[in-house]
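Subject: Structure handover

Hello,

Here is the structure I promised you. Please open it beside this email and follow along.

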Amino acid sequence: MNYRLVILIVNIIIGTICIVYGVKLMSTSLEKANIRRMKKYLSLFTAKVPLATLTGTVLTALVQSSTAITVITVGLVNSGMLKLTQAVGIIYGANIGTTITAQLMSFKLTNGAFVIIVLGILIAFFSKRKSLANMGWALTGLGIMFAGLNILNSGVPYIKENQNIYELFRIYGQNPIIGLLIGMVTTMLVQSSSATVGLTIVLFNAGLIGFESALGLTLGDNIGTCITAQLSSIGASIWAKRTAWAHTLYNVIGVIIAFILLAPFASMVQAITYGIGQDKTRLIANAHTIFNILSAVIFLPLTKYYVKFLEWLIRENK
């Protein structure tokens, strides 16, 4: 086997592991530091659907994990502390808040990965307060995530040098349907939409996949991330099951609409990105954010009917 191909495979494996582990460490540590506050705020500031959406957005942006917020929401609904309408609002917001990770990945901060890791470890080891130590581990996770992106970027030249692999990307890297399926399955496997969005950003910025194919990957990530909520609702109450399905159907319906209107959606993302003075390296992160904001805007006025639909669809066994 060609040694360059071996280096490429190792780069992809190590880079992906670093991103997945970094995102997990960051979100888990932030969750530990804020778990009590999260449950409190999810219970208090969700009376109205728009307020629940705002709360879901802010809390997910703080803990960098829509999965964590969604699973906690399923648990609160299961215990009777939240109604399905409130939970649906939180889900809208959680999908928006999780896009902050992709935004961080799209900024050129990866060169400071080692410094961020060292700083995070120092804070974690020398902090006497548990919450501050968790924040240190979260910073370490951020640095590891950036390091993973660096490793993936370093493998790009090997892809371009290998004619067979480059040809594979050229043929299949322009198909949004293949991108959608790969994004969905990959996210289900690694349990992190942020990791697959990070990989999409690297491939698109390197010119290995087209914009619409990259959008397909990003949209597939949104469906793939629903698997955790479904797993957390197994054996739970009918309301918890409805909450899990609220998350899944919300993403599936949003993706179907975006996919049908893929060309106009791509044009809109480009117009907004270039209109605010950003370059093409920000397109994927912005597409992720814009898609989730638009989904929430479309669903917010229809929430009452969406909840009735969920109650009709997922019925309690007599």
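First, a definition: buried means under 20% relative accessible area, exposed means over 50%, and partly exposed is in between (1.4 Å probe, protein chains only). This is a predicted model, where local features need pLDDT of at least 70, side-chain atom pairs count only at pLDDT 80 or more, and totals for chains, interfaces and linings use all residues. Residues are numbered from 1 along each chain as its sequence is written, and side-chain values use heavy atoms, with hydrogens and water left out.

**Cysteines**

C18 is buried, at 18% relative accessible area. C226 is buried too, at 2%. How many disulfides are there? The count is zero, where a disulfide is a pair of cysteine sulfur atoms within 2.5 Å.

**Cores**

A nonpolar core is a set of buried Ala, Val, Leu, Ile, Met, Phe, Trp, Tyr and Cys residues joined through side-chain atoms within 4.5 Å. The largest one has 60 residues. Which residues have the most contacts inside it? They are I19, M145 and F211. A second, separate core has 16 residues, including V49, Y250, V307 and I314. In soluble globular proteins, nonpolar side chains tend to be buried together.

Contact means heavy atoms within 4.5 Å. Leaving out residues up to four places away in sequence, M145 touches C18, I19, G22, V23, M26, T101 and M105.

**Helix α2**

Helices are DSSP runs (H or I, at least four residues), and strands are too (E, at least two), numbered from the N terminus. Helix α2 covers residues 49-63. Its 15 residues reach 21 Å from first C-alpha to last, close to the 21 Å expected at 1.5 Å a residue. That expected span is 1.5 Å times one less than the number of residues.

The buried residues of α2 are V49, A52, T53, T55, G56, T57, L59, T60 and V63. Take two of these. T53 has a relative accessible area of 7%. Beyond its neighbours within four places, T53 contacts G89, I90, Y92, G93 and L300. V63 is buried at 1%. V63 touches M26, S27, L30, E31, M38 and I69, again not counting residues up to four places away. The C-alpha atoms of V63 and L30 are separated by 4.9 Å, although these residues are 33 apart along the chain. After α2 comes Q64, with a positive phi near 55°.

**Helices α3 and α4**

Helix α3 (residues 66-78) packs with helix α4 (residues 84-97) at about 175°, with axes 10 Å apart. Axes are lines fitted to C-alpha atoms, for helices over the stretch in contact, and angles run from 0 to 180 degrees between N-to-C directions. The pair is therefore roughly antiparallel, the word for angles over 145 degrees. Where do they meet? S66, I69, T70, T73 and V77 in α3 meet A87, I90 and A94 in α4.

W245 lies in helix α13 (residues 238-260). Is W245 buried or partly exposed? At 35% relative accessibility, W245 is partly exposed. W245 touches Q230, Y250, Y306, L310 and I314, leaving out residues up to four places away in sequence.

Helix α15 (residues 283-299) has 17 residues and reaches 24 Å, close to the 24 Å expected. Of those 17 residues, 13 are buried, so α15 is largely enclosed by the rest of the structure.

Best wishes

Note on methods. Parallel < 35°, antiparallel > 145°, perpendicular 65-115°, else oblique.
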